[in-house]
Amino acid sequence: MNKLFEDASYVIEQIESKGFKAYFVGGCVRDYCLNRPIKDIDIASSAKPEEIQSIFPKTIPVGIEHGTVIVRYNQVSYEVTTFRKEDKYEDFRRPSKVWFVTKLEEDLSRRDFTFNAMAMDKNFQLIDPFNGRDDLKKLQIRTVGKPDHRFSEDPLRIMRAFRFMSVYGMNIEEETKFALKKNAPLLKRISTERITVEFKKLLEGEQTGKALQLMRNCGVFPFMPYPIEEICEGSLLSFDWSSLKSEEQRWAAVIVLTKVDDERDFLKLWKLPNKVIQSVLNILSSYKKTKWTKMDLYTTGLTEALSGLRLKCLLEDESFEEQASKLKQLANEIVIKSRDEIPLNGEDILKIKQKAPGVWVGQLFQELEKEIVEGKLPLSEREISDWVRRWGKE
Ligand code: ATP
Ligand code: MG
C-alpha cells in the first residue's frame, strides 16, 4: 500500500476509535482510481474540529470556522474537515455560511464534479453516490447536481472543469458544457488569484491545447483577467504544448498564440509574481530576436534565450538543435557571466581616477562591462586599469 495512504489509514483509525466516522475524500480518491500519483490526502469526518484536536497530539487549526484542522503525523500533514454543507456563495469567494452535518453523503453533494465527490473508507471501499467512477472510466466531467445551478453558485468551477479536462485528458459532458457557456460571464466576479491557480494547472496538463480551444469556443476568454479577444486560428490545437519546459515558457506561448498586444499588462493582470513576469518578457524578447550579439545574450541570459528560441522553433516549425548550439557557442565566448567577475570595484576606480564619486562611475562601469563582454578588452586587471585611466580622456 502507498505509504501516504498507510499513514492516513492510521489517522482514520484513531478518529474511528473515538466513535466518529472518517473517510478519504476529494482529489486523493480520484487520483487513486486513476492510478495516478497521490499528492496529498484529505479526510472528511463526523468529528468536529475541537474533537479532532483532542484526539491528536499535533494539530494546526487552519480553518476551524470551515471545519478544517491539519493533523500532523509522521512529518506529513493531513487535512481533516468535518462533514459540512454550504450556503450560497454570496461574494463569490467563499460560502456565506457553512454548517456541519452528520452524513458523509451530504458532504459529498456540495462538491463540484462527480469524480471529486467520491469517498473511500480505510479498507479502500469506494462510496460513490454520483457515479464518479463511471465518469472517470468515460473520461467525462460532469457536475454533481444541476450544472447551471452549480456553476452560478461558484463560477470558479468553470475554470476547474477546463483544468481537469487538460490534466486528465477528459471531455466535458454536454449539459455541463452548455451550463458552463451560459455562466462564463460570472467569472468576472471571481478573484484573479483563484483563476490563476486553476489556469496554471491547466497549462501544465497533457491536453492543454484542447482545453484552451474549448475555453475559446465556450466564450470564456473574454472573461479572463486580461480579456483575450483574438487568437491565431487553429494554433491552440496544433501547438505542441508538451514540449514546453517551464511555467514562464507556457505563459509566453499563451501570449504569442492569443495575440496579446500589451505583454506586461497581460502578465500583471493575471497577478503573476514580478520574477515570473520579468522572465516571460525576456523569453518573449528572445523569441522575437533574429540576430544575437554577445551583449544581447549577456543581458538576457542563455537559459531564457534558449527558452525563447525553443518557442520560436516550435511555432515556426524550425529545427532547434542547430540554432541552439550556435547560441551556446556564442555564450561560451563571453568571458564573464556577471559584473561581479570584473576584477576591479568602484573603490579601485575612484583611486585610479582620483575623482569624487558621482554618476560617472555607473557610466564607466556600463561601458567597461560592454567592452569586456564584446571581447574588446581582456579580463586582465592591468589592461582594465589602463582602460579606466584612459576613460573620458579620448
Ligand atoms: P488537486 O489535485 O489540484 O489538489 P483537488 O480536486 O484536490 O485537486 P482541491 O482544490 O484540493 O482540488 O479541492 C479538494 C476537494 O474539494 C475537491 O476534490 C472537491 O471535492 C472539493 N472542491 C474544491 N473546490 C471546489 C469548488 N470550487 N466547489 C466545490 N467543491 C470543491
Ligand atoms: Mg487537493
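Predicted model: local features only at pLDDT ≥ 70, side-chain atom pairs only at ≥ 80, totals over all residues.

Me: Which residues does the UniProt annotation "binding site" cover?
Reply: The annotation comes from an unreviewed UniProt entry. In that record, "binding site" covers Asp40 and Asp42.

Me: Is Asp40 buried, partly exposed or exposed?
Reply: Buried takes 20 or more C-beta neighbours within 10 Å, and exposed takes 12 or fewer. Asp40 has 14 inside 10 Å, so Asp40 is partly exposed.

Me: Which class does Asp42 fall into, buried, partly exposed or exposed?
Reply: Asp42 lies in strand S2. The cut-off for buried is 20 or more other C-beta atoms within 10 Å. Asp42 has 18, so Asp42 is partly exposed.

Me: Which residues is Asp42 in contact with, leaving aside neighbours within four places in sequence?
Reply: Asp42 belongs to strand S2. Beyond its sequence neighbours, Asp42 is in contact with Val25, Gly26, Gly27, Cys28, Glu79 and Thr81.

Me: How many charged residues are in the shell around ligand 1?
Reply: The residues around ligand 1 include Asp42, Lys39, Arg111, Asp112, Asp154 and Arg157. Gly26 and Gly27 are also among them. By class, the shell has 2 nonpolar and 3 polar residues, and the charged ones number 6.

Me: What distance separates the centres of domain 1 and domain 2?
Reply: Domain 1 spans 1-131 and domain 2 spans 342-390. Taken over C-alpha atoms, their centres are separated by 63 Å.

Terms used: Residues numbered from 1 in each chain as written. Chains lettered and ligands numbered in written order. UniProt positions renumbered as here; feature names shortened; annotations may be inferred. Helix = DSSP H or I, 4+ residues; strand = E, 2+ residues; numbered from the N terminus. Contact = placed C-beta atoms within 7 Å. Near = placed C-beta within 6 Å. Nonpolar A, V, L, I, M, F, W, Y, C, P; charged D, E, K, R; others polar. Domains from an automatic or database assignment.
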